[in-house]
Amino acid sequence: MGTYETILNRRTIRRFQQKPVAKDILKKLVAAARVAPSASNIQPLEYLIIDDPGLLPQVFVSTAWAGTIAPRGTPPEGQRPVAYIIVLVNDTIKNEQYYKYDVGAAIENMLLTALEAGIASCWLGAIKKDALRESFSIPKHFIIDSVVALGYPDEKSVIEEAKDSIKYWKDEQGVMHIPKRPLEKIMHFNKL
């Protein structure tokens, strides 16, 4: 699959098989994040990988899932992520105005690299940062930005053209439907 096809096929997944993700794959995801663009090449991001089955519940209870379809968005026992990557920003070296762009580029690199390896992902911003900091002894000079949940997919998610709403939804078979605005509505050449 080429880069464009990988981008078009990447979907957020919230149900995972309980098969572990190899450490080599997790390292590859961080390696992909590491080479993402960084404002002024400051590189303030660091990554805490959690894949120990005994520690996974500490991350899970610190996350919120798909609020617009709650409680159907929250993975049930037996379909929860088998690994997480906590994205940290070193507060002593960050570019105050631009570090969020660094985070976005790094995480997108991880998500696409994960898909290429057959790994599903969910980028989580609704997290209990204080609980994560305490659970994993994360020093105060790190901003806890996001969590990327990972595992082999155990659900299907599809894109469809948005008509009346862009709200995503789950059908009776558990398939997630993601309406996207039509290309013709968002693309402009030379003027609006």
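Here are some questions and answers about how features of this predicted model get their labels.

Q: Why is the pair of Tyr-98 and Tyr-101 called tilted?
A: Start with the distance: the ring centres are 6.0 Å apart, and rings pair if their centres lie within 6.5 Å. Next comes the angle. The planes stand at 35°, while stacked needs under 30 degrees and edge-to-face needs over 60. The structure holds two aromatic pairs.

Q: What makes Tyr-101 count as exposed?
A: Its relative accessibility is 61%, and exposed means over 50%. Tyr-98 has 34%, which falls between the cut-offs of 20% and 50%, so Tyr-98 is partly exposed.

Q: How do you know that Lys-100 and Asp-145 form a salt bridge?
A: Check the gap between N and O: it is 2.7 Å, and the limit is within 4 Å. So this pair passes. The two residues sit 45 residues apart, with Lys-100 in helix H4 and Asp-145 in strand S4.

Q: Is Asp-145 buried or exposed, and how do you know?
A: Asp-145 has a relative accessible area of 7%. Buried means under 20%, so Asp-145 is buried.

Q: What makes Glu-77 and Arg-80 a salt bridge, and how exposed are they?
A: Their closest N and O atoms are 3.2 Å apart, within the 4 Å limit. Glu-77, at 67%, is over the 50% mark, so Glu-77 is exposed. Arg-80, at 26%, lands in between, so Arg-80 is partly exposed.

Q: Why are S5 and S6 at the edges of their sheet?
A: The sheet is open, with its three strands in the order S5-S7-S6. Strands S5 and S6 each have a single partner strand, so one side of each has no neighbour in the sheet. S5 pairs with S7 in the parallel sense, over five bridges.

Methods
Residues are numbered from 1 along each chain as its sequence is written. This is a predicted model: local features need pLDDT of at least 70, side-chain atom pairs count only at pLDDT 80 or more; totals for chains, interfaces and linings use all residues. Side-chain values use heavy atoms; hydrogens and water are left out. Buried means under 20% relative accessible area, exposed over 50%, partly exposed in between (1.4 Å probe, protein chains only). Two strands pair if DSSP finds at least two bridges between them. Helices (H or I, at least four residues) and strands (E, at least two) are DSSP runs, numbered from the N terminus. A salt bridge is a side-chain nitrogen of Lys or Arg within 4 Å of a carboxyl oxygen of Asp or Glu.
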